[in-house]
Amino acid sequence: MASESERPLKVRKSDAEWQDILTPEQYKVARGHGTERPFTGPNWDQKATGLYRCVCCEKPLFRSETKFESGTGWPSFYEPVEREAVSEHVDRSFMMTRTEVRCADCDAHLGHVFEDGPRPTGLRYCMNGYALQFDED
């Protein structure tokens, strides 16, 4: 995954522009680094086949084939569509250290990745439903 210092952002908008194109919930999560309550956001229980894109810039992020039921109440995946689709950042909020996941093209906050996922990667990309747009195949 690309680190913050290695990659230029491909999509840049002002704060006002993001507020104009996103719903308040999407803005709070994707631009404000928020988190929806578990079992309340879109797509946590989505079962259809398709592609999950960034809600801000529509970059392809995850395929439904890599989605799994984690029991957390957020959409969870074991890998992105390609390694360069997301970037990882150290998150030291809430008196803990986690790995934040952002869209590599627009820097939208997507969620966090943990090392307790299923095979083949052992990773759990625990994403916010409001940060994702689902396109059914």
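**Tour of the aromatic cluster and the sheet**

Select Tyr52, Phe62, Phe77, Tyr125 and Phe134: ring pairs link these residues into a cluster. Rings of Phe, Tyr and Trp (its six-membered ring) pair if their centres lie within 6.5 Å; planes under 30 degrees apart count as stacked, over 60 as edge-to-face and the rest as tilted. The model is predicted, so local features need pLDDT of at least 70 and side-chain atom pairs count only at pLDDT 80 or more, while totals for chains, interfaces and linings use all residues. Residues are numbered from 1 along each chain as its sequence is written, and side-chain values use heavy atoms, with hydrogens and water left out.

The structure holds 5 aromatic pairs. Go to Phe39 and Trp44, an edge-to-face pair at 5.0 Å centre to centre with 90 degrees between the planes. Phe39 is partly exposed at 43% relative accessibility, and Trp44 is partly exposed at 23%. Here buried means under 20% relative accessible area, exposed over 50%, and partly exposed in between (1.4 Å probe, protein chains only).

Return to Phe62 and Tyr125, whose ring centres are 5.6 Å apart with planes at 55 degrees, so the pair is tilted. Phe62 is in strand β2 (residues 60-63) and Tyr125 in strand β8, 63 residues apart. Both Phe62 and Tyr125 are buried. Helices (H or I, at least four residues) and strands (E, at least two) are DSSP runs, numbered from the N terminus.

Now display the open sheet, in which 6 strands run in the order β3-β4-β8-β7-β6-β5 with antiparallel pairing. Two strands pair if DSSP finds at least two bridges between them. The edge strands, β3 (67-68) and β5 (86-91), each pair on one side only.

Select strand β8 (residues 124-127): Arg124 and Cys126 point one way, Tyr125 and Met127 the other, and all are buried. In a regular strand the side chains alternate between the two faces of the sheet. Strand β4 (residues 76-77) pairs with β8 over 2 bridges, and Phe77 has Tyr125 as its bridge partner. Strand β7 (residues 109-114) pairs with β8 over 4 bridges, with Phe114 opposite Arg124.

Stay in strand β7 and pick His112. Is His112 buried or exposed? His112 is buried, with a relative accessible area of 7%. The His112 side chain makes a polar contact with the side chain of Asp91 at 2.6 Å. A polar contact is a pair of N or O atoms within 3.5 Å; within protein, one must be able to donate a hydrogen and the other to accept it, and residues adjacent in sequence count only if both atoms are side-chain atoms.
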